[in-house]
Amino acid sequence: LADYRLADYRLADYRLADYRLADYRLADYRLADYRLADHRLADYRLDRPRVSNGHGPSTKCQPHVIARSYTTASATREPAMAVSTSPSRRLTIVDPANGEITTRGMAMLIGLCFTLTILAIALVDRPVADFAHSVLRVGGKEQPFYRMLTDIPDLIPAIAGLITAWYAIGLLFGAKPGPRGRIALQIALAVLVAIAIKEQLKVLTGRTWPETWTNNNPSYIKDGVFGFFPLKSLFAEKVGRGYHAFPSGHMTIIAVAMVSLALNFRRFVWIAPVPIALVAIGMVGCNYHWVSDLIFGTFLGAAVALGAYRLARLS
C-alpha cells in the first residue's frame with residue numbers, strides 16, 4: 001500500500017510539473033506575441049504633436065519620438081526603445097497602413113505624367129503616326145479589329161448618366177442608396193466629371209489630329225500640321241473639332257471607369273489594365289490620336305477616379 005501511494009504521488013507530481021511547464025510555455029508565447037503586436041503598433045503609429053502646458057516653450061506641431069518599454073516575464077524593465085519614422089517610409093508612394101497613395105507619391109505620379117507626355121510629344125508622336133498611317137491603316141482606312149477596340153468605352157458615358165439620373169430621382173423621393181449604390185454613384189459621377197474636364201482641356205490646348213476626320217480639318221498626315229493652338233476651336237467655325245486632339249477622350253473615359261472599379265473592388269486591380277491597354281492599341285491602330293494624347297488621357301482619368309474615391313471615403 002505504501003509503495004502504491006508513493007507511485008501515485010510521483011505520478012501526480014509529474015502531471016503537475018508537466019502542466020506547469022505547458023502553462024509557462026503558453027504564457028511565454030502569449031507574451032512574445034504581445035511584444036510583437038506592440039512593436040508593430042509603435043512602428044506604424046504616427047508622431048503626435050505635443051501642446052505646451054503654459055510653463056515652458058510651446059512645442060505645438062513639433063513631432064516627438066515614440067518611446068515604448070517592454071516588460072519581461074521576471075517583471076524586469078528593459079530600456080525604452082525609440083521608434084522613429086525611417087527615411088524609406090517618408091519616401092514611399094503607397095502608405096503601408098491603409099494602402100492609399102501618399103501626397104509625395106501623388107506628386108511623383110503627376111511629375112511622371114508630364115514627363116512622359118513631353119517626351120512623347122518630342123520623340124514618339126510623329127514616328128508612331130507615320131507608322132500607323134503607312135502600315136496599320138491598310139489602303140488609308142482603319143481596320144475593323146482596331147475600330148472594334150476603340151468602341152469599348154462608347155457606352156460608359158450613357159451608363160454613367162443613367163445611374164446618376166436614377167439615384168437623383170430616388171433622392172427626390174427620399175430614397176437613399178445603399179453601400180453598392182453609393183459606389184455606383186461615385187463611379188458614375190467620376191466619369192461625368194472626367195468627361196467635363198477633358199472637354200475643357202481640348203478647347204484650351206487646341207491640338208490638331210494625326211489624320212483628317214471632319215470638314216477637311218488640318219492634320220499632320222494631310223497638311224504636315226503638328227502643334228498646339230490654344231482656344232483655336234472657339235474661332236474656327238467649320239473645323240472646330242479639328243483642334244480637339246489633346247487629351248484622348250476615349251482613354252480618359254476607360255481609365256476613370258477601370259481605376260474606379262479597381263479602387264472599390266480590389267479584385268479588379270489586375271483586370272483593370274486590360275481594357276485600358278486594348279483601347280490604347282485600337283487608338284494607335286486607327287491613328288486616331290497621338291501617343292501623348294493617350295498618356296495624358298489615362299493619367300487624367302486615373303486622377304479623377306482617385307479624387308472621387310477619396311472624396312467618397314471622407315464623406
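Colleague: Which residues have the most contacts inside the largest nonpolar core, and how many residues does that core have?
Modeller: The largest nonpolar core has 29 residues, and Val 191, Ile 254 and Val 256 are those with the most contacts inside it. A nonpolar core here is a set of buried Ala, Val, Leu, Ile, Met, Phe, Trp, Tyr and Cys residues joined through side-chain atoms within 4.5 Å, where buried means under 20% relative accessible area, exposed over 50% and partly exposed in between, with a 1.4 Å probe and protein chains only. Please keep in mind that this is a predicted model, in which local features need pLDDT of at least 70 and side-chain atom pairs count only at pLDDT 80 or more, while totals for chains, interfaces and linings use all residues. Residues are numbered from 1 along each chain as its sequence is written, and side-chain values use heavy atoms, with hydrogens and water left out.

Colleague: Switching to charges, how many salt bridges does the structure hold?
Modeller: It holds nine salt bridges, each being a side-chain nitrogen of Lys or Arg within 4 Å of a carboxyl oxygen of Asp or Glu. In one of them the side chains of Asp 293 and Arg 207 meet at 2.8 Å, N to O.

Colleague: Where do Asp 293 and Arg 207 lie?
Modeller: Asp 293 lies in helix 10 (residues 291-314), whereas Arg 207 is in the loop between helix 6 (179-205) and helix 7 (220-223), so the pair ties together parts that are 86 residues apart in sequence. Both Asp 293 and Arg 207 are buried.

Colleague: What about Glu 199 and Lys 198, how far apart are the closest N and O atoms?
Modeller: In that salt bridge the closest N and O atoms are 2.4 Å apart. Glu 199 counts as partly exposed because its relative accessibility is 23%, while Lys 198, at 8%, counts as buried.

Colleague: Last topic, what lies around Thr 102, and is Thr 102 buried or exposed?
Modeller: Thr 102 is placed in the loop between helix 2 (87-90) and helix 3, and it counts as buried because its relative accessible area is 19%. Leaving aside neighbours within four places in sequence, Thr 102 is in contact with Thr 92, Ile 93, Val 94, Asp 95 and Arg 310.

How values were computed. Helix = DSSP H or I, 4+ residues; strand = E, 2+ residues; numbered from the N terminus. Contact = heavy atoms within 4.5 Å.
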